[in-house]
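Colleague: I am new to this structure. Could we go through its ring pairs and a helix contact?

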Amino acid sequence: MSSQKFVRPIFDNPFFNIEELPNDTIKRKPEPLIPANSDPNDTSLVISKDVDLDINKKTWLRIYIPRRIIANHDDDKLPVIFYYHGGGFVFFHANSYGWDLFCQGLAEKLGVMVIALEYRLAPENRLPAAYDDAIDGLNWIKSTQDEWIRNYSDLSNVYLFGSSSGGNMAYHAGLRVASSSYKELEPVKIKGLILHQPYFSGKNRTESEEKLKDDQLLPLHAIDKIFDLSLPKGTLDHDHEYSNPFLNGGSKHLDDMVTRGWGILVTGVSEDPLVDGARNFANFVEEKGIKTFKLFGDGYHVVELFEPSMAAVLFDATRDFISATKN
């Protein structure tokens, strides 16, 4: 492992001092939100649009496609990445500046359609609300007559991709879909999961959590606080199935992932308190028989959000993963 040290970004970190308010809510500071860009005359490399998912839940989807697909009247259908943003289940949105830029990069560099989910946040809507929203999104692409989905998406090659807490969401949404008891999503076919520095933790501390307990970006007290705010009411500790994937030997639906032939790409970085959890998880699912791909290098938690140039290695690994697992 490299000894290179990364300087954390200087910004108003919402995870340091989370202010709880009455009625099971928290204080969230305003942040820049980016509108979708579907202007045919714009020069951007990616175009996007927003569509409603469930107006009662205030959930929606932002769809990204490379502009060249429309400009060149390309008939090739694009693999689909269903994307879940990070933020500890309690902060940020699908149209937050950093996540929007990240999704544009995915669409442009990989030549895929990206569908980013605006899901309900905790503590107002505790888990499993976000997982439910993820399944709603998959059901939407199954049945929608949306023009972009019909014309440009290859629904036989769909991937669930999440960053940080979004990685946790991708995993749990995947477990539900893989379950033999879950209704078929045809024509949607999931080919794999991409867990980008996934947000897993439990009662027993990993070495990286202890070593980096005072991390400037994601200190241990913040990891704990976020799970306090997002796990179901009455949860006694963080050894819960939503936070600790190793609990009781892991989900029985991991066997269903093996049966379906899915792959899993797990990533982690050296200066992330969650890195040992990610590495342990990758080894765990590999031992279960799942085709497992690993990307572990240097950096801090979600470094790609603050230093977009660092995303190149992740994008390359994701492209290789899709190539290895698609039809």
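Colleague: Which residues do ring pairs link into a cluster?

Modeller: This is a predicted model. A search of the whole structure finds 20 aromatic pairs. Ring pairs join five residues into a cluster, and these are Tyr 83, Trp 99, Phe 102, Phe 161 and Phe 315.

Colleague: Is the aromatic pair of Tyr 300 and Phe 306 stacked, edge-to-face or tilted?

Modeller: The ring centres of Tyr 300 and Phe 306 are 6.2 Å apart, with 45 degrees between the planes. An angle under 30 degrees would count as stacked and one over 60 as edge-to-face, so the rest of the range applies. The pair of Tyr 300 and Phe 306 is tilted.

Colleague: Over which ring does the charged end of Arg 279 sit?

Modeller: The charged end of Arg 279 lies 4.9 Å from the centre of a ring. That ring belongs to Phe 296.

Colleague: At what angle do helix α3 and α5 pack?

Modeller: Two packed helices are described by the angle between their axes and the distance between the axes. In α3, residues including Ile 135 and Leu 138 meet residues of α5, among them Met 169 and Val 177. The residues of this contact divide into 8 nonpolar, 2 polar and 2 charged. The axes of α3 and α5 are 9 Å apart, and the packing angle is about 60 degrees.

Methods:
Residues numbered from 1 in each chain as written. Predicted model: local features only at pLDDT ≥ 70, side-chain atom pairs only at ≥ 80, totals over all residues. Heavy atoms only, no water. Phe/Tyr/Trp six-rings, centres within 6.5 Å; stacked < 30°, edge-to-face > 60°. Lys NZ or Arg CZ within 6 Å of the ring centre and 35° of its normal. Axes fitted to C-alpha atoms, helices over the stretch in contact; angles between N-to-C directions. Helix = DSSP H or I, 4+ residues; strand = E, 2+ residues; numbered from the N terminus. Contact = heavy atoms within 4.5 Å. Nonpolar A, V, L, I, M, F, W, Y, C, P; charged D, E, K, R; others polar.
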